[in-house]
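Student: I have a structure open and I'm new to it. Could you walk me through it?

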Amino acid sequence: MFSFKKCSHPSCTTYVSKPFDVCFHHASEEEKKIILSSLVYKLTNNPIVRDETIVGGAFKGLKVKSKDIKASNFAFTVFENCEFESTTILNCYFDFCIFIDCTFNNDNIRYSVFSGSTMTDTKFLDSNIIHSNFMGISTKRSSFNQCDLYYSNFSMSKLVSTSFEDSNLKRVDYTASLLKDVSFKYSNPEEAIFMNEEDKNS
């Protein structure tokens with residue numbers, strides 16, 4: 001698991017970013033460049049990325065293919081025009097992130113947290129997304145198509161112009177979510193959990 005060492009800045013409780021003793025927010029501009037460039041290198045070159053932390057960072061045009069990302073923390077980070085392909089994401093935190101025009105294709109995502117995130121023009125395709133937490137997310141023009149979403153949680157979310165087509169929705173939780181222009185075509189919404197029966201036919 002990523003380091004639980006706290007930032008050395010007075011009164012800050014955020015976890016540090018390697019290789020420094022401060023969090024990304026309190027790092028100097030030069031330190032931020034080093035943190036980001038180091039992570040980009042690892043995500044694009046190393047087969048396994050483990051125990052990394054960046055809270056409040058920003059990635060643009062990042063392309064991650066055939067990697068294993070494990071036990072890492074990317075909370076409050078912005079991902080723009082990023083691609084994750086044929087990648088395993090295990091026990092990772094992407095809570096309160098912003099995803100803009102991103103793609104997750106043929107990925108294996110398990111026991112990971114995306115809660116509170118905003119997703120715009122973002123696509124999850126042909127992926128296994130098992131036991132993961134999307135509680136309180138906000139989506140627009142996005143999709144989770146041809147995915148196995150078994151036991152994932154989308155409760156209390158705002159899902160707009162979003163599709164869950166040809167996907168496994170068994171035990172997926174949509175309780176107390178706003179669903180507008182949402183498609184479940186070729187999926188099994190009868191096996192998901194809704195507050196209202198009519199939501200299955202959104």
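Student: Are F144 and F164 buried or exposed?

Tutor: Both F144 and F164 are buried, where buried means under 20% relative accessible area, exposed means over 50%, and partly exposed lies in between, with a 1.4 Å probe and protein chains only. Keep in mind that this is a predicted model, in which local features need pLDDT of at least 70, side-chain atom pairs count only at pLDDT 80 or more, and totals for chains, interfaces and linings use all residues. Residues are numbered from 1 along each chain as its sequence is written, and side-chain values use heavy atoms, with hydrogens and water left out.

Student: How many aromatic pairs are there?

Tutor: The count comes to 30 aromatic pairs, taking rings of Phe, Tyr and Trp (its six-membered ring) whose centres lie within 6.5 Å, with planes under 30 degrees apart called stacked, over 60 edge-to-face and the rest tilted. One of them joins F144 and F164, and this pair is stacked because the ring centres are 5.1 Å apart and the planes meet at 5 degrees.

Student: Which parts does that pair tie together?

Tutor: F144 lies in strand β14 (residues 138–145) and F164 in the loop between β15 (158–163) and β16 (178–183), so the pair links parts that are 20 residues apart in sequence. Helices (H or I, at least four residues) and strands (E, at least two) are DSSP runs, numbered from the N terminus.

Student: What about the largest nonpolar core, which residues have the most contacts inside it?

Tutor: That core has 47 residues, and F79, F144, F164 and Y174 have the most contacts inside it; a nonpolar core is a set of buried Ala, Val, Leu, Ile, Met, Phe, Trp, Tyr and Cys residues joined through side-chain atoms within 4.5 Å. The elements giving two or more residues to this core are α1 (29–45) and β16, and α1 gives the most, with 3 residues.

Student: What is Y174 in contact with?

Tutor: Leaving aside neighbours within four places in sequence, Y174 has contacts that include F154, L159, F164 and F194, where contact means heavy atoms within 4.5 Å.

Student: Changing topic, how many disulfides does the structure hold?

Tutor: The structure holds 0 disulfides, a disulfide being a pair of cysteine sulfur atoms within 2.5 Å.
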